[in-house]
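Thank you all for coming; I would like to walk through one protein model with you this morning. Please have a look at the sequence and the structure first, and then we will go through the details together.

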Amino acid sequence: MIEFIEQLRAKPHHIRHRIAVGTATGIAGVITLAWVAVVVASHPFSGAQFYAGAPGSNTIAAVEQSKNSFASLLGAVGAAGGQDSAPGITVVTTQSSSTVSTSSPTVLPF
């Protein structure tokens, strides 16, 4: 393997680039084919088990619960704002303190 890597290093840059792109494309293709094979074999998108109205499906109950929760959430948002407050953004100015003088360049310690 080390000899093969040394042979690749000896090749010109454009050849090494071509080999790298080809290898990456080949590996991605193999992974994609394996993924497609698993999806086709396991049938995860068959309609019966994912249909919202299917027997044993909790989807309808979850949607109804979400509707009720959303209404109470909107009520909480309205109450938090108060009836007197106007919508807007308030800018609060603060002072910062630093031990580094402003005339020196920025120092990023690592």
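Predicted model: local features only at pLDDT ≥ 70, side-chain atom pairs only at ≥ 80, totals over all residues.

Buried residues, meaning those under 20% relative accessible area with a 1.4 Å probe and protein chains only as cover, make up 1% of the 110 residues in this protein. On the same definition, exposed means over 50%, and partly exposed is in between. The accessible surface comes to about 10,300 Å², with 66% of that belonging to carbon and sulfur atoms, where areas come from the Shrake-Rupley method with a 1.4 Å probe.

Residues are numbered from 1 along each chain as its sequence is written, and side-chain values use heavy atoms, with hydrogens and water left out.

The pLDDT, which is the predictor's confidence in each residue on a scale from 0 to 100, averages 75 over the protein, and 54% of the residues score at least 70. Among the elements, helix H3, residues 47-50, has the lowest mean pLDDT at 53, whereas H2 has the highest at 93.

As for the fold, the protein has four helices and zero strands, so named because they are DSSP runs, H or I of at least four residues for helices and E of at least two for strands, numbered from the N terminus. Read along the sequence, the pattern is α-α-α-α.

Helix H2 covers residues 13-42, which is 30 residues, and reaches 43 Å from its first C-alpha to its last, close to the 44 Å expected at 1.5 Å a residue, that expected span being 1.5 Å times one less than the number of residues. After H2 comes His 43, with a positive phi near 50°.

Which residues does Ile 19 contact, once its neighbours within four places in sequence are left aside? Ile 19, which lies in H2, is in contact with Leu 8 and Lys 11, contact meaning heavy atoms within 4.5 Å. Ile 19 and Leu 8 are 11 residues apart in sequence and 8.9 Å apart in space, C-alpha to C-alpha. Ile 19 counts as partly exposed, at 33% relative accessibility.

Turning to charges, the count comes to one salt bridge, defined as a side-chain nitrogen of Lys or Arg within 4 Å of a carboxyl oxygen of Asp or Glu. Arg 9 forms it with Glu 6, the closest N and O atoms being 3.3 Å apart. Both residues lie in helix H1, residues 2-10, three residues apart, or about one turn of the helix. Arg 9 is exposed at 57% relative accessible area, while Glu 6 is partly exposed at 43%.
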